[in-house]
Every structure is written in structure tokens, then in C-alpha cells.
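This briefing treats selected local features of one protein chain. The sequence and the structure are shown below for reference.

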Amino acid sequence: MKVGVYFDLRNPPQWRRDPVELYGSFLELCEEAESVGLDTIWVTEHHGFDDDYLPTPLTLLAAVAARTRRVRLGTAIVVSPLHAAAEIAEQAAVVDLLSGGRLDLGLGAGYRSPEFDLYAADMESRYRVNDARPAEIRKLWESGAVTPAPAQERVPIWMGYLGPKGARRAGRMGENLLSIDARNWPHYRQGLIEGGHDPALGVMGGAAQGWVSDDPERDWQMVGQHLAAQSDSYRRHARMGTDFPFPKPVDPDRLRERRPLTHSGIDYFVHGTAQDMADFVAEHTAGAPVETLYLWAGLPGMAPETVAQHIRRIGADLAPRLRAAERPLSRPDSRPRG
């Protein structure tokens, strides 16, 4: 199993840092992730957040490509209905070339009306548009309508769907599924069959919500306050542009108590040792072709050294446990051209 970390570059007001320093330290953290042997670095996209959530994942990955040599670089996700297929195809190709063929392109439909308003995009058609994007992007690459072409013969495209309907649609497209929830595997597999694809080539991967600690009880007060800031930000911004009232502040202890095997979505948090996390991953992914997993490198407002320590702990303590449980699977070739 490939193991990595996930960044959103938030800069919350209560822990505000100089944005130039924040982005500079991010690049150093990416170098740290590669140096400790992690396999992947993922970044994401939102617009108009008051904590400066990252808006341009492919732009940022171009910088990471220049500072790393081995680690794969992923978007989780690009909100594809906000961008023309040609724009995504061109930017992704440049990142793939800069990285020597290390891009994983994750696409998602989005869910916030202010973002669609900002880009003058139609929110009602977002699922239809997102479903169409992989074929459109691949056709642009293969036909030469956009140039240059990516370095990889077939750039992995990951569909960011968390539920069974989206999993089935991702299967019909023959693309990877950006979910580690084993409950989605039967639906994804059915979609692969319906789309005429070999289900043995199904690939799943994605985020596990949690924090790895060598002393969970000691660390919880610190982790909990940053987790609450992250959860409150997501919940608050999700309701912007709607008639729903803003939610009350979250109790991080409630998030810590939840598990996605009994709760849908991502509103859970596993706070424990590396073995606790490995046990959770084994249970949550059992029977599914999950090949890639990543955790938040840090939570909003955490000091760079705290984030660096977490990256080192994932590399030294968690990754070996997850890799020890891996099984060989046959997959399509994604090697660079040449």
C-alpha cells in the first residue's frame, strides 16, 4: 500500500502566519515527506474560505514537483466543474512533465454554491459535468488537441466520490475511486462490469481521517483544538449560500468517538497510535482493492515542527505496518513515456 500525506494550506485567524512563510514551510514539509520514505503527497481545492484554503492544487503541485524526485503527487480533488476540460488537461500535463510522470489527477464535483457563483458555473449540472471530465481530458491528451502531452502513457484519474452511487459511476468510467471505504467496493465493482472493464483492475485509495501519536492522551488537547477549527470551518463554509443557519461549534470529542463503518461521510476521527490506525485501516478497507492511503499531514494552524513530527511518525511507525499487509495486484501501466 502506498502511504502519504494530505495538505490544504489553511491559515486560520487564531493561528495566523505570514502566508509567504506558510507556503515556504509547506515545500520543506514535502521534502521531509519524501525523505522519510512516504509515497504520495496530495493537495486539495476550495475557494473563498476565510482561512485561506488552497484554491489552486495543480499550481502548487508544480512547485512540489521541482522540489521532489520520487514521491507521487495527487489532487484530492480538483473541482472539475469549475474548470474547462482543456484547462485541467493542460495544467495536469505540465505537472506530470515537471515531475517526470508522477501525477495522480483526482477530480470531484464540488458542493458549495459560492464557489460555483465565483466561477459562473452551473451547480445543478455538477455531477454530469464531473462524470464527463475524465473522458474529455483523455481525449484531449490522446488527440493532441492540447499540447504538450503528459509524461505518463495513462495518467491515473481518481474520481472523488464517497458514496455508492458515485462509486458505481466511477466504475463505469473505468477510472480509479478516491475512497478507502470497503462498503463502496461492491458498487464500484458492479460499475466496472457494467462499463465493460475488468473488475480485477479496480483501484481504490483515499484519505483516512486521523492523527497518529505515540501518546494519544497526552496529545489530544492540542490535536482536538485544531481538529475543531478544521471541522467548524468545513461546516460553516458548507452552509454559506444556503438558508441553513450556521452550526454551533463542534465538540472534537464527539468526532473522536465516531467511526465511518457506522457513520457516513468523513465526520469521524481516529486518534491513536500507529497500531490503532493500522487496525482501523485494515477493518475499514477489508476486501477492497485499496492501494493508496493518506492522512492529514497537519491540522489547521499547527506549527510546522508539529506537522513535521507527524510526517516522520507516519513514515517510521505507520507506513511499515500498512505495507506489511499489502497484497500484489495487477494494475495498468502508468510509467512515463519513452
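Which elements cover the buried residues of α3? In this predicted model, the cover includes α2 (57–67), β4 (78–79), β5 (103–108) and α5 (126–143).

**Helix α3**

- Helix α3 spans residues 85–98, a total of 14 residues. From its first C-alpha to its last it reaches 20 Å, close to the 20 Å expected at 1.5 Å a residue.
- The buried residues of α3 are A85, I88, A89, A92, A93, V95 and D96. These residues lie on the same side of α3, because the arc they cover around the axis is only 165°.
- Just after α3, G100 adopts a positive phi of about 70°.

**The largest nonpolar core**

- The largest nonpolar core comprises 96 residues, and the members that touch the most others are F7 and L105.
- Helix α11 (residues 304–324) gives the most to this core, contributing seven residues.
- With residues up to four places away in sequence not counted, L105 touches L58, T75, V78, I88, A92, I137, W141, V155, P156, I157 and W158. Among these partners are I88 and A92, both of which belong to the buried residues of α3.

**H237 in helix α8**

- H237 is located in helix α8, which covers residues 216–238.
- Is H237 buried or exposed? H237 is buried, since its relative accessible area is 0%, and the cut-off for a buried residue is under 20%.
- The side chain of H237 reaches the backbone oxygen of S233 at a distance of 2.8 Å.
- Beyond residues up to four places away in sequence, H237 touches G48, F49, D50 and R112.

**V281 in helix α10**

- V281 is found in helix α10, formed by residues 274–285.
- With a relative accessible area of 1%, V281 is buried.
- Which residues are in contact with V281, leaving aside its neighbours within four places in sequence? The contacts are M1, L293 and L322.
- V281 and A208 are 73 residues apart along the chain, and their C-alpha atoms are separated by 7.7 Å.

Definitions and conventions
Residues numbered from 1 in each chain as written. Predicted model: local features only at pLDDT ≥ 70, side-chain atom pairs only at ≥ 80, totals over all residues. Heavy atoms only, no water. Helix = DSSP H or I, 4+ residues; strand = E, 2+ residues; numbered from the N terminus. Expected span 1.5 Å × (residues − 1). Buried < 20%, exposed > 50% of the residue type's maximum accessible area, 1.4 Å probe, protein only. Arc of directions from axis to C-beta. Contact = heavy atoms within 4.5 Å. Polar contact = N/O pair within 3.5 Å; in protein donor to acceptor, adjacent residues only side chain to side chain. Core = buried A, V, L, I, M, F, W, Y, C linked by side-chain atoms within 4.5 Å.
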